Amino acid sequence: MERPGRLLLQSELRVRNTAYEVCLSRSHLTWKRRISSPVYHPFRPSLCHRVPVSEIISVREEEESGGAQSDDGSWKKIKEKEGKDCRRTFTVSYVERSQKHRWRCAEVTFTCPEGALCQHWVSSIQEQLSMNTSRPRHLLVYINPFGGKKQGKRIYEQKVAPLFALAGVSADVIVTEYANHARDHLRNKAELKQYDGVVCVGGDGMFSELVHGLIWRTQMDAGVNLNSPDETLIPCSLRIGIIPAGSTDCICFATVGSNDPVTSALHIIIGDEQPMDVCSVHHDNTFLRYSVSLLGYGFYGDVLTDSERKRWMGPARYDLSGLKMFLTHHYYEGAVSFLPAKGITGTPRDASKCRSGCTICQHSGQLLSNRTGKYENNELSDSDADGEWRTIRGKFLAINAASMSCACPRSPKGLSPAAHLADGTIDLILVRKCSRFNFLRHLLRHTSKDDQFDLTFVEVQRVQRFRFAPRHCQSDSELELDLLENGKHQIFSQICRDHPACSCAPAYSSWNCDGEILTHAAIDVRAHCQLIKLFARGIEEPAVFEDTTSPCAI
């Protein structure tokens, strides 16, 4: 319980016909059951509830009517008096934590001895809620009716819209009709100044559309040249909300800890804010795409390329394509040049993970975001003019660049468990040529507790920027032609990689950029610190959920 000097309001109210001492401060709403008996009961729980004011969804007065049934199931008679206000109860809706990082909307109804006190409580709580300026009042919502199991519209109407209405959040809803509809609308038509945020109902692809549209709009308004990889991008002011309704929902899982629409809607309502890094991908001073989770060359690029020809199979196509690419066991030669991250405290092999209130993101993000100027664009070698760049050449089964852990229900740890959401770095994972058995060991460690980087053929670096060049550079048209022709090979035709006379193995893979295929093998990737903000707070520690069920001290 708050100290008396900090209390705004304190009364004895009733909940389900039981007396509770209820207190309101600027930070918490607390109610504790009053014990009428002086006898000590060691086995009777001391029921105390403590809810942060920031996690109160709404408060409303309840209309009482004659012959109404009380909360405890008993019937009570309400006296009918003309001109007398019978509204003596009010209901508080608030966030309640459940298992597996899920949130739920809980309610408690208080009964006051008189109507004036009830109105005083309601107005006091509403006043505290109105002081929270981070809460959105008007949102722009995009619904993808085709993503995942095609349940986006139903999820929004049945699970999200009622919560928005309860919290007094209005929304303009647009149901997308074609690919990149949301991106194009954000670029050219949306009046962004009238909104407090944009929300997507769909999967990672839908989120990518919002990211591309919002960043493009922000940079165009600021006069930034998107085709220059050395440009410092302007952070987006509007927050992005994600209501998961896709196949994997990796972004939502990695930032909230759950793929639950109700949990995500509640994060939006209370106005949570989680900054996130974004990587820009360029080829020969031409902008290609933005990436927020994974850039994969080799294995993951081949899996995506092959799965695109099996879209009729649904999500099962990834399993089949993954098995096929594992058996074909391609490796690719090239050079990876990178700029190691400096001034940060974390490493890719840390035991600690990026969680809500992460100090590494706070301190490292502030340090990196304060850096101004541009990178020198010199000829790459083993070391450039300032001696920072490093180059690794070799044969690789996979080159992965993770801007976050990339955790998902199938891989709870993700590709890089210690990667951070907002420290301005990329975890560059290089898997050198090895046997199928060793590569399988590496893949299986994504789902186990073992250190997936503790293998002789795996190297991981935390970098700010990297470039990749295949061993033999081709023209863009030749590369695109190769990517198309490779799809005509038989399922096991490329398995004899070590026999050049066969001429059956492709010289190039393709990059998997957040589930989209890049047609250029040679790319330049740069991390932009905290370029966007989400309606999220990061994954909370399990202790936060355990504390919600323990008694509090008054």
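**Aromatic pairs and charged contacts**

Tutor: Phe468 is buried, as is Trp511; buried means under 20% relative accessible area, exposed over 50%, and partly exposed in between (1.4 Å probe, protein chains only). This is a predicted model, in which local features need pLDDT of at least 70, side-chain atom pairs count only at pLDDT 80 or more, and totals for chains, interfaces and linings use all residues. Residues are numbered from 1 along each chain as its sequence is written, and side-chain values use heavy atoms, with hydrogens and water left out.

Student: How many aromatic pairs are there in the whole structure?
Tutor: The search finds 14 aromatic pairs. Rings of Phe, Tyr and Trp (its six-membered ring) pair if their centres lie within 6.5 Å; planes under 30 degrees apart count as stacked, over 60 as edge-to-face and the rest as tilted.

Student: What kind of pair do Phe468 and Trp511 make?
Tutor: Their ring centres are 5.8 Å apart and their planes stand at 75°, so the pair is edge-to-face. Phe468 belongs to strand β18 (residues 458-470) and Trp511 to strand β19 (residues 511-513), so the pair ties together parts that are 43 residues apart in sequence. Strands (E, at least two residues) and helices (H or I, at least four) are DSSP runs, numbered from the N terminus.

Student: And which residues form an aromatic cluster?
Tutor: Trp31, Phe90, Tyr94, Phe110 and Trp121 form one such cluster.

Student: Changing topic, how many salt bridges does the structure hold?
Tutor: It holds 24 salt bridges; each is a side-chain nitrogen of Lys or Arg within 4 Å of a carboxyl oxygen of Asp or Glu. Side chains of opposite charge can pair when their charged atoms come close.

Student: Which parts does the bridge between Arg465 and Asp524 tie together?
Tutor: These side chains meet at 2.8 Å, N to O. Arg465 lies in strand β18 and Asp524 in strand β21 (residues 523-534), so the pair ties together parts that are 59 residues apart in sequence.

Student: Is Arg465 buried or exposed?
Tutor: Arg465 is buried, with a relative accessible area of 1%, and Asp524 is buried at 10%.

Student: What about Glu12 and Arg34; where do they lie?
Tutor: They form a salt bridge of 3.4 Å, N to O. Glu12 is in strand β1 (residues 7-15) and Arg34 in the loop between β3 (28-33) and β4 (48-52). Glu12 is partly exposed at 47% relative accessibility, and Arg34 is partly exposed at 44%.
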